[in-house]
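Here's a quick tour of one protein chain. Have a look at the sequence and the 3D picture, then we'll pick out a few spots together.

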Amino acid sequence: MDVGRIRRDFPVLGKEIGGKPPIYFDNACQTLRPRQVIEAVSEYYESFPACAGRSVHKLATEVSLRCDDVRAKAASFFGAEDPSEMAFVKNTTEGLNTVIMGLPWKMGDEIVTTDYEHNSVHVPVLRARDTYSLKHRVVRSSEDLTFDLSAFEETMSKKVKLVAMCLTSNVTGCTLPAKEIVDIAHSYGAKVLLDAAQAAPSMKIDVSRLGVDFMAASAHKMLGPSGVGLFYALSGSVGDIPPIMCGGHGVVDTTYDSYNLLPPPERFETGLQNYSGIIGTGAALEYLSSVGLDAVRAHEVALNSRITRALRGVDGVSLIGPSDPNLRGGIFSFNVRGLSPHDVAMILDNSKNIMMRSGMHCCHPLFHALKLQGCARASAYLYNTPEEADVFSESVKGLAEGFRGR
Ligand SMILES: Cc1ncc(COP(=O)(O)O)c(C=O)c1O
């Protein structure tokens with residue numbers, strides 16, 4: 001992978017921000033966008049800024065064809081057998097809510113999650129629990145915060161209707177054994193929803209091979225525009241799941257006192273869509289496919305290994321998650337003794353232009369359980385360099401030394 005060539009595709013990396021080039025390590029929140037994605041978004045506004053699926057004129061037809069093409073690309077990217085299994089939603093959160101709130105629940109049904117879910121799974125699960133009188137079971141992680149498959153098996157029973165889990169954690173970077181989980185869940189008759197927000201940017205997810213029922217990811221974490229989610233629903237698994245919102249588009253017919261919904265994917269695509277975002281997502285998927293997800297993942301792990309080697313054993317620096325960087329992808333979550341996570345992030349931003357995330361990362365229950373106020377998180381992606389990793393490690397070392405004993 002030619003990182004130098006890749007970096008030239010990202011306009012913001014060539015700019016000075018506060019007098020220095022940025023060292024962008026906030027990729028788990030949102031990635032930067034390459035010129036190819038920005039151009040695809042602009043092309044929509046410049047050349048065919050119309051609506052898909054409604055009007056029959058030439059501009060509208062062009063948008064419809066482009067969106068169909070992106071749907072086919074997304075299906076192929078995720079290994080879906082039929083493009084109609086991929087819906088464009090607003091973000092991962094919308095896809096997750098659609099399933100968690102929309103399944104035909106019966107009182108007493110059970111729903112199983114990990115103990116490190118993002119609030120985008122956790123909060124709708126609690127809402128569904130309270131709305132439909134469900135039981136929520138939480139699989140406790142191993143001591144090093146990796147997934148405990150035997151604890152999961154012990155949690156399963158015929159009462160479980162849905163296993164909703166984060167495929168890759170946004171805190172530790174650890175990835176679940178998805179195939180095993182799907183097979184076990186299905187053997188009890190449960191459906192599986194994967195939150196793939198963090199996995200999709202750098203791991204091949206083949207929904208057909210996994211046999212998963214539902215999956216959701218966000219384009220903005222994989223080089224695409226903001227405001228586009230990719231929601232997979234295996235045909236036949238959807239049943240009568242309604243969309244989160246209904247209205248224009250998504251219906252076959254309405255009368256003064258009735259309506260009937262279209263089948264997926266249209267039923268999940270209510271109202272006028274984010275066409276420029278969808279078209280930009282197509283360019284992002286093409287970009288990632290041309291680089292290759294295996295190469296992206298190997299690059300992330302190489303940078304994380306470098307950081308982990310440099311900071312291992314440094315007094316005052318504590319890592320969140322397993323010590324092996326191969327298990328953490330591009331994520332290095334940590335604390336510096338004597339400093340709050342936000343202090344760490346602000347000092348590194350002010351002193352070195354290192355941009356990263358700090359806080360509870362929308363995983364409050366995990367941090368409450370760990371009795372931590374949160375952590376700082378550096379997350380690498382395909383355009384980060386070993387030099388940037390070294391500036392980061394040296395800066396964290398310096399901070400730990402400076403605040404030792406406080
Ligand atoms: C693991 C995980 N799940 C879900 C989400 C929510 O994604 P979005 O805000 O795009 O809906 C995130 C966002 O950071 C995430 O990291």
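Is Asn304 buried or exposed? Asn304 is buried, because 25 other C-beta atoms lie within 10 Å, and the cut-off for buried is 20 or more. Keep in mind that this is a predicted model.

**Around Asn304**
- You'll find Asn304 in helix H10, which covers residues 293-311.
- Leaving out residues up to four places away in sequence, Asn304 touches Pro325, Arg328, Gly329, Gly330, Phe332 and Ala380.
- Take Ala380 from that list: Asn304 and Ala380 are 76 residues apart in sequence, yet their C-alpha atoms are 7.5 Å apart in space.

**Helix H7**
- Helix H7 runs over residues 178-187, and its buried residues are Ala178, Ile181, Val182 and Ala185.
- Look down the axis of H7 and these buried residues fall within an arc of 95 degrees, so they line one face of the helix.
- What do the buried residues of H7 pack against? Their partners are helix H6 (149-155), strand S5 (160-166), strand S6 (191-195) and helix H8 (207-210).
- Just after H7 comes Gly189, with a positive phi of about 85 degrees.

- Domain 1 puts 22 residues into the contact, and domain 2 puts in 22 residues.
- On the domain 1 side, the elements giving two or more residues are H10, strand S12 (331-336) and helix H12 (364-370).
- That side of domain 1 has 12 nonpolar, seven polar and three charged residues.

Technical notes
Residues are numbered from 1 along each chain as its sequence is written. This is a predicted model: local features need pLDDT of at least 70, side-chain atom pairs count only at pLDDT 80 or more; totals for chains, interfaces and linings use all residues. Helices (H or I, at least four residues) and strands (E, at least two) are DSSP runs, numbered from the N terminus. A residue is buried if 20 or more other C-beta atoms lie within 10 Å of its own, exposed if 12 or fewer, and partly exposed in between; C-beta atoms are placed from the backbone. Two residues are in contact if their C-beta atoms, placed from the backbone, lie within 7 Å. The arc is that of the directions from the helix axis to the C-beta atoms. Ala, Val, Leu, Ile, Met, Phe, Trp, Tyr, Cys and Pro count as nonpolar, Asp, Glu, Lys and Arg as charged, and the others, Gly among them, as polar.
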